[in-house]
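Let's take a walk through a protein together. Keep the sequence and the 3D view at hand, and find each residue as we reach it.

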Amino acid sequence: MNHDDADNDADDDADDDADDDADDDTDAELDVTVQTGLYAAEMFASNLGVNYLLNIIVIDDVMWIWYYDRQGIIQCSGINFIQDLPRFMVLLYALQRFELHDWGRNKGFIPVQVEGKQCHEFKIKDEELGVVDLLLHTSHDERVTHYGLQGRATNVVPVTSEALAKKYGNLQDGMVAKIFWGEANRTSEPEILKKVEEIARVHNTVKDHIPDLLWHHTFTNPTSAMREVLGVSDPTTGSRVLYILIFRKLHPITKLHGKELFDVWYQCILCHITLWKEGVYHRDVSAGNLMWYWRDGKRMGVLNDYDLSSLANDPGPRGNERTGTVPFMALDLLTEDGQRGKVKHLYRHDLESFMWVFAWISLRYRQGVLLPRRLRPFDEWATLGAIACGEKKIVFLNTTTAFARFHKDQLMWEFVVDCFDVLDTHAFNRRKQLLRSTKRADKPTNPEESESDMDGFLQSFKNTESWAALSNPPQEPSH
């Protein structure tokens, strides 16, 4: 789920001592606000469901309190603790009496030790199930964490629960908890999944290809509350709310290769286009959001993660919002206009993301295993800003042959090349149409897509020889 493997890969290249010294010097020269921001990011990443954090910056005889939460940062006025000693002493008196939850820790998540491992307990009353007990295995190797100050800050953690096991039985692959700060003014992921489930009842391309939401809870602690108390202007703009969702555990698509990868990937594409036509716009296709599971001996692809999705009839923000995971976003959206929300997010942008996902997996993994850093491309895509990443992706398209060395499967490589050849043809045709309309001083064309436009765009990929080859089942050996 919105997890970038590049962030967790060990660096195989050793830096020399000179580089280490240079890094130390750079760290020492960081502005104090940057240093405290890094400390806050570390504290957010180390603890589960943190509501907010407090840091104190002291310069000479003046101190400031900085308040961090997933909506942003608030800085108080400076206090001169020499000239205003009484007020400073009152502040210290108050801070001295703070308990952990006063410092921003979420007191609902209780640290416990289970078989020598750090875990967190969470219990809450539920109208249907009574008390729901969750044991979050926060020390597990499969935990996915987030490093940063703002945004959703998604954590995915293996979880066990007696109450949920009693309702659903012992699930073969187990369960995971998704804990994140969703936008308060956006339709929630549980609400979107209700619509998705309705669509699944009448469309086989969606049925069995969506995540199985077992239980969810929304906390009543919006980040806007502090801003309203302080009288900050526009306190609800960007306000976030903490969610915890429990799903059946799924397998990542990165574990697959060859025709197995193609088959699960294509199942996700079919699910995606059906949902789009029915008014559910996913808008965050990434390698971490394509999953699979076993059902009756067959791998079933799952289009996962709907916390950035929107509905066609949603009165809230949609269409031109900047959503997506940068390394997989369409080139149109990785431009200045795209980042400013001036480019409408269309179906073709999501389908292009599927192509970037396939290239990412097939060039960075071998037999389902992530290659060592020196043998895989695109690491920097995960750390660059949107526009810079877009520029790197254009370089990739212009020098595709240089990346052939990363590929060992000729058919898979041909498919990657064919996909980007189709994308380039469509992009060229759009540029040509734009130039002609500019020459004639025509009004801008309507960016809306019809269902036939969507089908035609997908069909142009299916018409390639490599798609046909990957779609054919393996032939039985002749006797």
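**A walk through the model**

Isoleucine 74 counts as buried, because its relative accessibility is 17% and the cut-off for buried is under 20%. You will find isoleucine 74 in strand E3, which covers residues 72-75. Leaving aside residues up to four places away in sequence, isoleucine 74 touches Ile65, Trp66, Tyr67, Met226, Arg227 and Leu230. Leucine 54 is 20 residues apart from isoleucine 74 along the chain, and their C-alpha atoms are separated by 9.8 Å.

How far can you trust the picture? Please remember that this is a predicted model. The mean pLDDT of the chain is 87, with 90% of its residues reaching 70 or more. Over residues 1-26, however, the pLDDT is below 50, and this stretch has 42 contacts in the model beyond near neighbours in sequence. Residues 475-479 also have a pLDDT below 50, but that stretch has zero such contacts.

Now look at some paired strands. Strand E12 (residues 251-252) runs antiparallel to strand E14 (residues 290-295), and two bridges join them. Here proline 252 stands opposite methionine 291 of E14. On we go from E14 to strand E15 (residues 298-303): these two are also antiparallel, joined by six bridges. E14 and E15 form a hairpin with two residues between them, and aspartate 296 in the turn has a positive phi of about 50°.

Next come the charged side chains, with 21 salt bridges in the structure. In one of them, lysine 249 meets glutamate 142, with the closest N and O atoms 2.5 Å apart. Lysine 249 lies in the loop between strand E11 and E12, and glutamate 142 in the loop between E7 and E8, so this pair ties together parts 107 residues apart in sequence. Another salt bridge joins lysine 178 and aspartate 305, at 2.9 Å from N to O. Lysine 178 belongs to strand E9 and aspartate 305 to the loop between E15 and strand E16, so parts that are 127 residues apart in sequence are tied together. Are these two buried or exposed? Lysine 178 is buried, with a relative accessible area of 0%, and aspartate 305 is buried too, at 1%. Both take part in a network of salt bridges that links Arg152, Lys178, Glu189, Asp305 and Asp307.

Let's finish on the surface. Val34, Leu38, Tyr39 and Tyr147 form a nonpolar patch there, with about 390 Å² of accessible area together. Tyrosine 147 sits in the loop between strands E7 and E8 and counts as partly exposed, at 46% relative accessibility.

Note on methods
Residues are numbered from 1 along each chain as its sequence is written. This is a predicted model: local features need pLDDT of at least 70, side-chain atom pairs count only at pLDDT 80 or more; totals for chains, interfaces and linings use all residues. Side-chain values use heavy atoms; hydrogens and water are left out. Patches are made of residues with over 30% relative accessible area and no salt bridge: like charges are joined within 9 Å, nonpolar side chains (Val, Leu, Ile, Met, Phe, Trp, Tyr) within 5 Å. Accessible areas come from the Shrake-Rupley method with a 1.4 Å probe; for residues, only the protein chains shown count as cover. A salt bridge is a side-chain nitrogen of Lys or Arg within 4 Å of a carboxyl oxygen of Asp or Glu. Helices (H or I, at least four residues) and strands (E, at least two) are DSSP runs, numbered from the N terminus. Buried means under 20% relative accessible area, exposed over 50%, partly exposed in between (1.4 Å probe, protein chains only). Two strands pair if DSSP finds at least two bridges between them. pLDDT is the predictor's confidence in each residue, from 0 to 100. Contact means heavy atoms within 4.5 Å.
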